[in-house]
Amino acid sequence: MSATTFGWLILAFPLAGTITIGLTFKLLSARTAGWIGTGAIALAFLSAIGALVKLLEFPAEEQHLTDTLYDYGGAAGIPFDLGILVDPLSVFMALVVSGVSMMIHVYSVGYMGGDHGYHRFFAYLNFFVFSMLLLVLAGNFVLLIVGWAFVGYASYALVSFWYRRDTATTAGMKAFVINVIGDIGLVFAAILLIKELGVTEYLAVFEQAPEHFTTNEWTIVAICLLLLVGAFAKSAQIPFHTWLPDAMEGPTPVSALIHAATMVTAGVYLIARTFPLFGLAPTAADISAFIGLITLFLAATVAMVVTDLKRIIAYSTMSQVGYMIVGVSIGAFGGGLFHLMTHAFFKALLFMGAGSVIAAMANNQNINDMGGFRKSLPFTFVLMTVGALALAAFTGTAGFFSKDEILGYAAERGGMYWAFAIGGYIAAFFTAFYSFRIIFRVFYGEKCEEAQELERGQLAHGEPVNPHTGEREDNEVGFPGEDHHIAERAWPMRVGMAVLGLGALFAGYIQVPGVDAVLENFFEPVFEESPLYAIVPSTLHSWIGLGVGSVLSILGISLAYYLYIFAPGSTDRIRERFSGLHKLLFNKYWFDELQDALIYRPVLAVGHFANDVFERYVVQGIVVFFRNGVGGLGDTVKAAQSGFVRSYATLVIAGFVGLALYFLITAS
Amino acid sequence: MDITWYLVLSALLFAIGAVGVLVRRSPLVILLCLEMMLNSANLAFLSFARSLGDQDGQIMALIVMVVAACEVVVGLGLIVAMYRRRLPLDVDEVRGLRG
């Protein structure tokens, strides 16, 4: 089979999975549905490996394979079709997406065990993976938009999965609306491209763009900025980030899959995929990099004070995606995508661990209520520590190599790009601090009630409540099921976490400066045309960067250790001392309030004005005027319709006589 | 040949018919008056046809007769229907089309 056949198979298996589960859910037992979903993704992963093997058989310059299944645009005269592009970038993304998804599916088989919406969950999950793979394999901008919108919908469906929770449904809507804003940006960018170039195929666009546009011409900058709107909305970058923390309302495997490993990296993929366009619009690329820098910095600071376990990880995701955006925007394509992969491993792992803890806490996500889970959840403790070490870029872990590759590249490019290196290193210190804040707050310290119960072997406890409103929930469809109290005791959960844990520890070794550069060589056929790709930091500089990174991560971990273990309670003093700063961070820089004041309220006010003034007086006035006018006219004319046949006859004859007289008079 | 007297007769018949339509209330009589008006028109057609030596007027008269026959069928049908439904046979009483 050729590489493109494998490409189609990658798409076919998850789609078949979602259709099978969706149509036959009444016949399947819950576990069967879960394993069908997992199997579909596993087959997709195997197909991705097949595509990789076949792709590598080609010489480097021919590693851009396209295949078309169906021509959509033939009738309309617009050039687009159901076509895929199989090249190192799309195969890499397909491998990461299907691989991590597979582990998350395995985890979900255990985690969602007692939920009444089990079949629905796996049907959605498979649909999401299908959409995401469609997004990364699409061979033209139109199919990209299709995948992009499918992913947005799947995210909405999964965030609102527990649909009887009001907080979950509103969070889903928020995610969907902000994603649609991104979709609009992407659609406009595609329209501009079709208008300017007349083609939608990636390869054709990238071939024609350099001839058609001059560098930094306003149209290409506009196209790139519109692409960025799409990328930022999906990747939760400022100012489109507010949906991500709220999306933590979804089940934890969803957070691991969508909001850590796959969907939020779609923006990174988009920027990497359209790098020839950004190469023509360096201004847009710099804007993108700066927004990435701001996001990675602000999100890291917020993650240090938020108390909701999953939201800490969500802000951390924003921050890490910020690193990737910086990477692919300044030209460190290899580094950005490398970080995308390692981040998928350790962040999904952290979410899985958080899911385990939250399950033990009966859905309570507040870390103020947690503590001392080290003995009662030993497996989760070890794996989460691995994830936190990788997130903190501790020496030797996956995050260590990938993060420093981006920052090293920024330093090597020099000039104003030093800002990215410095900002990134400062945020790396924060990252190390907050990742171990999670570990020390959750697993050390005084044992909370739940931890003690677990040690006594008592699994389920307490009434299930909504963690945000405190409302009681009844475990029926549309609410979290009762078995979410199983913590880490289901073996599928352990398998999923263990595999990702290995990835988080060792995935970094595929690209060690001076030793090997697997990814860098693998991506060369894609990015070789970018002059920026030739910039590679020397081995010495890379190792200096790695040294700085490891010192910062150890400093951050030590600070967390000092504040939470060595001198517990000192955080309260710091909080009082810098209460203003704490308030600023704790309220997430008031971004939600800002959006509320700048967009939501003005729009609402315009709506009220339109309803109360314009609609009532202007529109209604016109309508009522015409209605009365026509009614009055009708009343007047009605008088003639007496119903007397003889009076009608009189009128006819009188009219006839009148006409006759008129003609007689005019004739004489 | 002078056709004046024929036309005068035709006009008289027409006027009598028209007044009959206007003043009588019985639908049957109104139909009769309508027939009278149609035939007055026929008389005028025939007079002109004879006077001008042209066949068009005669053909027109035949057409008018056909139309008159149709009209009588419909009119009498209506009257029978009114009678069967025990409606008053008085056009002033039947005024369901009043606006």
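User: When is a residue buried, and how many residues of strand β2 of chain A are buried?

Analyst: A residue is buried if 20 or more other C-beta atoms lie within 10 Å of its own. In this predicted model, strand β2 of chain A covers residues 82-86 and is mostly covered. The number of its five residues that are buried is four.

User: In which sense do strand β1 and β2 of chain A pair, and over how many bridges?

Analyst: Strand β1 of chain A runs over residues 65-70. Its pairing with β2(A) is antiparallel, and the number of bridges is five.

User: Which residue in β2(A) is the bridge partner of A:L65?

Analyst: A:L65 falls in strand β1 of chain A, residues 65-70, which pairs with β2(A). Within β2(A), the partner that A:L65 bridges to is A:V86.

User: How far apart do the C-alpha centres of domain 1 and domain 2 of chain A lie?

Analyst: Chain A is divided at residues 3-586 for domain 1 and 592-667 for domain 2. The distance between their C-alpha centres is 60 Å.

User: Which elements make up chain B, and in what order do they run?

Analyst: Chain B contains three helices and zero strands. Read from the N terminus, the order is α-α-α.

User: Is chain B a compact globule or more spread out than one?

Analyst: The globule rule gives 13 Å for 99 residues, and the radius of gyration of chain B is 17 Å, well over that value. The C-alpha trace of chain B spans about 50 × 25 × 25 Å along its principal axes, and buried residues make up 12% of the chain. Because its radius of gyration is well over the rule's value, chain B is more spread out than a compact globule.

Definitions and conventions: Residues numbered from 1 in each chain as written. Chains lettered and ligands numbered in written order. Predicted model: local features only at pLDDT ≥ 70, side-chain atom pairs only at ≥ 80, totals over all residues. Helix = DSSP H or I, 4+ residues; strand = E, 2+ residues; numbered from the N terminus. Rg over C-alpha atoms; globule rule 2.2 N^0.38 Å. Domains from an automatic or database assignment. Pairing = 2+ DSSP bridges.
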